[in-house]
Amino acid sequence: MKSFERIFILVILFIAAVILGVNLYLLRILGSASGRPYRVEINRIALQIEDSGLEQLDLTGCEYVTNIEKYSGDKEFYQSPSDYSIREINGELYRFDYTAVSKADNGCIAAVNIGLGSLAFLTMAVLLFCRRKILLPFARLTEIPYELSKGNLVVPLKESKSRFFGRFVWGVNLLRENLEQQKQREMDLQRDKKTLLLSLTHDIKTPLSAIKLYAKALSKRLYSDEEKLVEIAESINAKADEIGDFISQIVRASKEEFIRLDVDMDEFYLSELMNAISDYYREKLQLIGTDFSIGAYLDCLLKGDKDRSIETLQNIMENAVKYGDGRRIAIGVSEEDGCILISIYNSGCTLPEEELPHIFESFWRGSNSEKQQGSGLGLYISRQLMCRMGGEIFAQIKAGEMIVTAVFGKV
């Protein structure tokens, strides 16, 4: 803001200097035009006075001379608020008060000043508007990303109706709320994880202690009866099965949903979905030299969450960019059994056929991903989203191309 205030002061000083300079220039130009025309008018009036006297003189048509005084012995004769010239006419002294600029010139200067003044007022109004509507709200927002990065998610932003930052403030508030919810879910997850681990640890101790006890008894040969030995072996096996059950619970818990994927079911047009993907990827793929095309389709209403649907197709597109050969990516749209199938093709598929059933599993990465960074969650998230929207997703490999198809319900 201090920089803006300095700029504002400099602009005001510059405008004032321009107005002053233009006025001085006009006065100098107009005053020197035609060899000082007020002298010509004074000479003309002096001749009229010499011929007919001062009483018959009319100054209404004069452009430069504003007043004429005859000397009567008063010292004030030589004092005038304006420029003057003294002439001797018929043995008498006359004082001619004049202005170097005519009435027409005064009007021209006034018009120029009004124009410059209006421009100066408009410039200052625009600067003040920018300060009030853009700079001040933006200054209040500059600390928000830093506060969010520190985890300060408590204080909401004051929403504004400004068309410049209203939607931005709303979006930051939404981001803050989502981060706060994620933080709360993470804390709940950590608490549940600790509770589960403590519970399973306690439960495992019991069969483990029994196994250790049986093992100690066997090592000391406390039992010689064959039937008793068989009974102990069966007990050890049963306790091992209990431990195996607990391990299965841990594995099952680790495979349960760890990402909260909420969807807002609504209706949206197929063209909105396709335009969003086209706008994002057409230029990007053109820059890397990949041929990108979208097949013809008839617009219709789809069921689902538009934002989540865009996210799903983006995940598929990112995989196509990563694992294709970079020559061709295409999107095809078809209709089958009241559903819209959106298929994304990428040339140069290097995924083995036997690995295809696993691509939608969480954290799974194929053998063709050694040189590519990733978490193995993109297609897993896409499948979860499609299931929550009542759709489906599947993949095929045909003629060296990977084809991933998302199935959307049609309204």
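This is a predicted model: local features need pLDDT of at least 70, side-chain atom pairs count only at pLDDT 80 or more; totals for chains, interfaces and linings use all residues.
The accessible surface of this protein comes to about 26,700 Å², and carbon and sulfur atoms account for 55% of that area. Of the 411 residues, 31% count as buried, and the fold is assigned nine helices and 10 strands. If we take the contacts with a separation of 6 or more, 64% of them are between residues 24 or more positions apart.

As for Met-317, leaving aside residues up to four places away in sequence, its contacts are with Ile-277, Tyr-281, Leu-285, Phe-292, Ile-329, Ile-331 and Ile-344.

Helix 9 deserves a longer look. Its buried residues are Leu-379, Tyr-380, Ile-381, Ser-382, Gln-384, Leu-385 and Met-386, and the cover over them includes helix 8, strand 9 and strand 10. Gln-384, which has its place in this helix, has a relative accessible area of 16%, and it counts as buried because the cut-off is under 20%. The side chain of Gln-384 also makes a polar contact, at 3.0 Å, with the side chain of Arg-388. Just after helix 9, Gly-390 takes a positive phi of about 75°.

Now the charged pairs, for which a search of the whole structure finds nine salt bridges. One of them joins the side chains of Glu-311 and Arg-308, at 2.8 Å from N to O; both residues lie in helix 8, three residues apart, about one turn of the helix. An α-helix has 3.6 residues a turn, so residues three or four places apart point the same way. Within this pair, Glu-311 is partly exposed at 24% relative accessible area, whereas Arg-308, at 19%, counts as buried.

Two further salt bridges reach across the sequence. Glu-401 pairs with Arg-328, their closest N and O atoms being 2.4 Å apart, and because Glu-401 lies in strand 10 and Arg-328 in strand 7, the pair ties together parts that are 73 residues apart in sequence. Arg-328 itself is partly exposed, at 31%. Glu-335 meets Lys-410 through their side chains, at 2.9 Å from N to O; here Glu-335 lies in strand 7 and Lys-410 in the segment after strand 10, so this pair ties together parts that are 75 residues apart in sequence. Lys-410 is likewise partly exposed, with a relative accessible area of 29%.

Tyr-71, Tyr-78, Tyr-84 and Ile-86 make a nonpolar surface patch of about 340 Å². Tyr-78 sits in the loop between strand 1 (65-70) and strand 2 (83-89), and is partly exposed at 42%. Val-40, found in helix 2 (residues 37-52), is exposed, with a relative accessible area of 54%. The C-alpha atoms of Val-40 and Tyr-64 are separated by 9.7 Å, although these residues are 24 residues apart along the chain.

Note on methods. Residues are numbered from 1 along each chain as its sequence is written. Side-chain values use heavy atoms; hydrogens and water are left out. Contact means heavy atoms within 4.5 Å. Patches are made of residues with over 30% relative accessible area and no salt bridge: like charges are joined within 9 Å, nonpolar side chains (Val, Leu, Ile, Met, Phe, Trp, Tyr) within 5 Å. Accessible areas come from the Shrake-Rupley method with a 1.4 Å probe; for residues, only the protein chains shown count as cover. A salt bridge is a side-chain nitrogen of Lys or Arg within 4 Å of a carboxyl oxygen of Asp or Glu. Helices (H or I, at least four residues) and strands (E, at least two) are DSSP runs, numbered from the N terminus. Buried means under 20% relative accessible area, exposed over 50%, partly exposed in between (1.4 Å probe, protein chains only). A polar contact is a pair of N or O atoms within 3.5 Å; within protein, one must be able to donate a hydrogen and the other to accept it, and residues adjacent in sequence count only if both atoms are side-chain atoms.
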